[in-house]
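Hi everyone, thanks for making the time. I'd like to walk you through a model with you looking at it as I talk, so let me put it up on the screen.

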Amino acid sequence: MTPLPLVLRFADVGRDDVPVAGGKGASLGELMRAGIRVPDGFVVATAAFRSAVAALDLGSRVASLDPADGDAVAAACAELRSVVESAPLPPPVVEAVTAGYVRLAAECGRSDLPVAVRSSATSEDSAEASFAGLQDTYLWVRGADSVLHHVRRCWASLYSVESVTYRLRRGIPETDLAMAVVVQEMVGARSSGVMFTRSPLTGDRSVIAIDASWGLGSAVVSGDVTPDSFVVSKVTGEIGRRTVSTKTRWHQPDPRGSGVVESDVPANLRDVPSISDDEIAELTAIARRVEAHYGCPQDIEWAVSRTAAPGESVFVLQSRPETVWAEKDAAAAGQRVAAPTPRAFDHVFNLLGGKRPTES
Amino acid sequence: MSQPAGERSFPLPSQIATVPGAEGWEEMYPFFSRFQPEDDGRFWFYNSMHFPEVVPAFDGLTSEIPYTAIGANTARLFSFPTTLGIEYRIVNGRVYITANPVTDPAQVERRLVHFQERAGHYYANWQRLYDGWQQRIEALIAEIEAVEVPRLGELDDLEVVTSSRGYASNHLLREEFHRCIDLYSKMWHHHTEFLMLGYGAYVVFFEFCKQAFPEMGDQMVARMVAGIDVTMYRPDDELKKLAALAVDLDLADLFVEGNEPDKVLGALQERGDAGRRWLAALEEAKDPWFNVSVGDGFYHHHLSWADDLTVPFAALPRYVEQVRAGEDLSRPTDRLAAERERIADEYRALLGSEDERAAFDQMLGLCRQVFPYIESHKFYCEHWFSTRFFQKIRAFGQLLADRGVLADAEDVFHLRHVEIEDALADVQLAWASGGTELGARHWRPIVARRKEIVAALAGWSPPPALGPVPESLNDPAVKMLWGITDETVQTWLGDEELDEDTVRGYAASPGVVEAVARVLLNANDIGQIREGEILVCPVTAPSWGPVFGKIAAAVSDIGGTMSHAAIVAREYGLPAVVGTGQATAKIRTGDRVRVDGDRGVVTVLR
């Protein structure tokens, strides 16, 4: 039996590969297969995590902790993270990640290619996933050494106080622990944001809600800026609501070479829409394709490249199922559904008869 | 959030002072149209959609008769469960209305039983009954066209004697005048016969869509329902045909922007056979398709295309130019039909269950069944019939002028219809006795005074509503017909923070444009609009359709997403904001304006 691969290209994974590539990695591969424009990259698979972290045998130390003893947990977690971040890596992992980065860099034509390094959890449990470093995204990382360093930081996030406490309280065994890490070409984003393929306000499935701002999407996700907001009809593509905000802050690649800095948006851009109507149309088309591909409403991160040609400049960075309204729908299943009547005009009697349909 | 009743209020009816210079306006209208002290306790809104201008004395009939018909229809014929009819009042020449709801649950229950039986009969037999309606309304139009103002000569015609008719022609003065009023009343009963049932079907589908897709634009419902081959577009289509004919006959040079109809007609007569053929085609198209009022049929002075060619001739130069440029002006009906199906299919597919899809199909189907009536009745009632009606009244005015009673035929519209009967009786008597009419001394000062009153009232800005604000405006009919909801009322009250340069309304047709505004308070001025301007008006009329081809956007004070401006703007693909309440008051001709049809906002750029 050949050993499990340590690194997988996006093109080689799909939605069934969550156990090896994590949710984010599997989703990016799936999107690529569906023909969606995704910045290329590779996944540091769970096998690499197992080889590098599971070998450190940290599980017994976690298991012995009392989740009620916050100070002890905090001290232990700090130490465990430090262990994960500094322990020597198995040479095959170093070789595989380095080779993955070099190949990606070569394919993109730039030896110091800036990449995003993001944790990709394998858990189906969204709460656990969020503790296990869903927020761990390192942008504008350059060079294989730096990539390795940030991969380890992603792994170490499994030993955050929140994550460990959660596992202890739920009795989730440490032996099940696994994490993949996504390494993805950075899009030099002129503008970026998030879109939902149903209204986050009303759950309306006939619209796409787009939030957009200048620079990297981290400003939108972190809430550092009030983004522009657009509500677009899926059916006609018409922009039903258009709110252009005053965008005061943006995230940009650190001019010193790696990482991200936050600064003021130049005055001449603040009150200008951060995406054009053509780009809104393109985002709408992408949103429809992604939703159709997955068969359920999606929550999509995207960016518009500063350099790519118009018509090829919109990239999807991530897509995951929308959960808030999906849960509300599930809870409300079977309630207040309009039903056919014996005769079509009975609907008129129901409405004008003094009883609102919502009251019945 | 709605305010508790009574906490917020518009001015009370009793607080409205007579406009200086208009003292005595009350005499122009019947006693039952005046505000009473107890009316201060009720909520009234200004029906600027139908009555955007001062109502002249005769035209008081165009509120009196429609409200006798529409209320009878909902309250007494079909027994709508939650609503009786509409009451109206006139103050300072403007019409205010309020609906009488049924609030006692037991009464609603009783009315519902009858409503199901009566409305059910109409819905179940809709197509057959609507075919019958078409015949009835055309018969009524034929009747009004047949009305003749009797000629009162030195002697009555010999034939009156030889046929032993038995009554002299002065009798017919009364009878024929009465016939006009009676037919007008009958027309309005037929107008409302299907109207509220039709709106009921529409509102059902609208409410369902709004519940299933809360962020769906209001116009989307209309787009799934709207007919493809609609009578309302026919006058415009006729114009396009005339434009094409002008090009074919090598007459295109005569149709240039700003050319007066009389000049064009004169020039056509000097163009030999080609000119004659075009004029013949014009006559052919006129009857009935030019019987469209430049207003909505509620004012005698809103002349029809047939009465005044300014509007159609203002639209022709552009069409001629387009035909010459090789553009196809015919409406792409196949594409429109396919698009309508696609939109409906996509919304259906987005619904969550089979049950919902089945209900959607039922409601949409019912809507499409009733819609031909909703879209067509205006042409037959407000336009064709009403054009003929006013022409006949004008002919009686001519008789009064010929007899020396009035100085001018048009003056007849400054008398109430009951006063005209008096004036005609005076003529009947004078002709019979061989004496002289006494009316000149009586009526001419009245007419002169009323002209002054109308002029004084024209400068008044009526409040959008009067009286205490009700807790909520739930009547679906009011909502659909007038585009007035809780939100509208709150906007009127200034709840929203609006600066001087911004007005809000319904986002009726999408798109954003900036251009120079042309504010038209009088429907007859529509010919003034120029290529690329933004039309700002109290309310638009179907006959303005062709003009939409040359404007950049439309803004109206009144109207919902079902209003004419909204429908035609979508048809022409230009941005529109309707139901703003105050656009004509805030915007001046020549202002540079941004119309945001996506959000329903109009901004004056200063």
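B:Pro288 sits in helix 9 of chain B, residues 272–289; helices here are DSSP runs of H or I with at least four residues, strands are runs of E with at least two, and both are numbered from the N terminus. The peptide bond that leads from B:Asp287 into B:Pro288 is cis, with omega near 10°. As a reminder, most peptide bonds are trans, and most residues other than glycine have a negative phi.

Before I go on, a word on what you are looking at. This is a predicted model, where local features need pLDDT of at least 70, side-chain atom pairs count only at pLDDT 80 or more, and totals for chains, interfaces and linings use all residues. Residues are numbered from 1 along each chain as its sequence is written, while chains are lettered from A and ligands numbered from 1 in the order in which they are written.

Back to backbone angles. Which residue of chain B has a positive phi although it is not a glycine? That is B:Asp250, at about 65°, and you'll find B:Asp250 in the loop between helix 7 and helix 8 of chain B. B:Asp250 is exposed, having 9 other C-beta atoms within 10 Å. The cut-offs are these: 20 or more other C-beta atoms within 10 Å of a residue's own make it buried, 12 or fewer make it exposed, and anything in between is partly exposed, with C-beta atoms placed from the backbone.

Chain A has a case of its own: A:Asp57, with a positive phi near 55°. A:Asp57 lies in the loop between helix 2 (46–52) and helix 3 (59–63) of chain A, and with 9 C-beta neighbours inside 10 Å it counts as exposed.

Now please look at helix 10 of chain B, residues 310–324. Its 15 residues reach 22 Å from first C-alpha to last, close to the 21 Å expected at 1.5 Å a residue; that expectation is 1.5 Å times one less than the number of residues. There is a kink of about 30° at B:Leu316, shortly before the proline B:Pro317, where the bend is the angle between axes fitted to the seven residues ending there and the seven starting there. Buried residues of this helix include B:Phe313, B:Leu316, B:Pro317 and B:Tyr319. What do the buried residues of helix 10 of chain B pack against? They pack against helix 7 (234–248) and helix 8 (261–269) of chain B; contact means that the C-beta atoms of two residues, placed from the backbone, lie within 7 Å. After helix 10 of chain B comes B:Gly326, with a positive phi near 85°.

Helix 6 of chain B, residues 218–225, is largely enclosed by the rest of the structure, because 7 of its 8 residues are buried. Among them are B:Asp218, B:Gln219 and B:Met220.

Zooming out, chain B has 18 helices and 12 strands. Its radius of gyration is 25 Å, which agrees with the value near 25 Å for a compact globule of 606 residues; this is taken over C-alpha atoms, and the globule rule is 2.2 Å times the number of residues to the power 0.38. Of those 606 residues, 48% count as buried.

Chain A has 13 helices and 13 strands. In chain A, 47% of the 360 residues are buried. Chain A is divided into domain 1 (7–185) and domain 2 (189–331), with bounds that come from an automatic or database domain assignment. The centres of these two domains, taken over C-alpha atoms, are 25 Å apart. Their contact takes 16 residues from domain 1 and 20 residues from domain 2 of chain A.

Last stop, the place where the two chains meet. How many residues does each chain give to the contact? Chain A gives 29 residues and chain B gives 38. On the chain A side, strand 8 (228–233), strand 9 (239–243) and helix 13 (346–352) are the elements that give two or more residues, and helix 13 of chain A gives the most, with 5 residues.

Strand 8 of chain A also holds A:Ser229, which counts as partly exposed, with 16 C-beta neighbours inside 10 Å. Leaving aside neighbours within four places in sequence, A:Ser229 is in contact with A:Asp211 and A:Thr243.
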